[in-house]
Amino acid sequence: MHKMTERDLNEAYAGESMAFMKYNIWADKAEAEGKKNVARLFRAISAAEKVHATNHWRVLGNIQDTASNLQHALDGENYEIEEMYPAFKAVAELQQEKGAIRSTHWALETEKVHSKMYQKAIDAVKAGKDTQLGEVYICPVCGYTMEDEVPDLCPICNAKKESFKKF
Ligand code: FE2
Ligand code: FE2
Ligand code: FE2
């Protein structure tokens, strides 16, 4: 692919991905305000943006076999753990940005779990199997990710067990 087209598609993919995410977040907000149709509008349009993102991502050659996809996912989580979040958190601390210190800390701690889960999945898929996975619980406040056993309070942010989302 020509370099310029490749750059354009990467930029379009990033933009569509952000639109997908923010429309979903704003849908939750509209829902909380009781504006059901606005929530539905945000969700429907976010689904279209996911289609656009998927198409750009496919043309870029980024939809591969699951073992390769897992490896790329693992590489991304490890980059966040080893370089990105420690650096972002250090800057937030230097600048005494309380909200950013907290949001980067929560993400950093969570990505460590994601990395382990992806590594286990890679090993299984490379052996020709699906991964062994119990029930997965996500903290709605900090995103912390837990498998099977769930404490009464989130170990990272103290949110209550009842609020965790199960997958
Ligand atoms: Fe779009
Ligand atoms: Fe992650
Ligand atoms: Fe939490």
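The centres of domain 1 and domain 3, taken over C-alpha atoms, are separated by 26 Å. The chain is divided into domain 1 (3-59), domain 2 (65-131) and domain 3 (134-167), with bounds that come from an automatic or database domain assignment. This is a predicted model, in which local features need pLDDT of at least 70, side-chain atom pairs count only at pLDDT 80 or more, and totals for chains, interfaces and linings use all residues. Residues are numbered from 1 along each chain as its sequence is written, chains are lettered from A and ligands numbered from 1 in the order in which they are written, and side-chain values use heavy atoms, with hydrogens and water left out.

**Exercise 1.** Determine which atoms coordinate the iron ion (ligand 1) and classify their arrangement.

*Solution.* 
- Step 1. Donors are N, O and S atoms within 2.8 Å of the metal (3.2 Å for Na, K and Ca); water is not among the atoms, so sites may look incomplete.
- Step 2. At 2.1 to 2.5 Å, the iron ion (ligand 1) is coordinated by Glu-16 (OE), Glu-16 (OE), Glu-49 (OE) and His-52 (ND1). Along the chain the spacing is E-x32-E-x2-H.
- Step 3. Glu-16 lies in helix α1 (residues 3-32) and His-52 in helix α2 (residues 36-59), so this pair ties together parts 36 residues apart in sequence. Helices (H or I, at least four residues) and strands (E, at least two) are DSSP runs, numbered from the N terminus.
- Step 4. Four donors count as tetrahedral if all angles lie between 85 and 135 degrees; four count as square planar and six as octahedral if opposite donors are over 155 degrees apart and all others between 65 and 115; anything else is irregular.
- Step 5. The arrangement is irregular because the four donor atoms subtend angles of 54 to 136 degrees.

**Exercise 2.** Describe the donors of the iron ion (ligand 2), and state whether Glu-111 is buried or exposed.

*Solution.* 
- Step 1. The protein donors, 2.0 to 2.4 Å from the iron ion (ligand 2), are Glu-77 (OE), Glu-77 (OE), Glu-111 (OE) and His-114 (ND1). Their spacing is E-x33-E-x2-H.
- Step 2. Glu-111 and His-114 are separated by about one helical turn, because they are three residues apart in helix α4 (residues 98-126).
- Step 3. Buried means under 20% relative accessible area, exposed over 50%, partly exposed in between (1.4 Å probe, protein chains only). Glu-111, at 9%, is buried. For the iron ion (ligand 1), the donor His-52 is partly exposed at 35%.

**Exercise 3.** Characterise the surroundings of Phe-42.

*Solution.* 
- Step 1. Phe-42 is placed in helix α2 and is partly exposed, with a relative accessible area of 25%.
- Step 2. Leaving aside neighbours within four places in sequence, Phe-42 is in contact (heavy atoms within 4.5 Å) with Tyr-23, Trp-26 and Ala-27.
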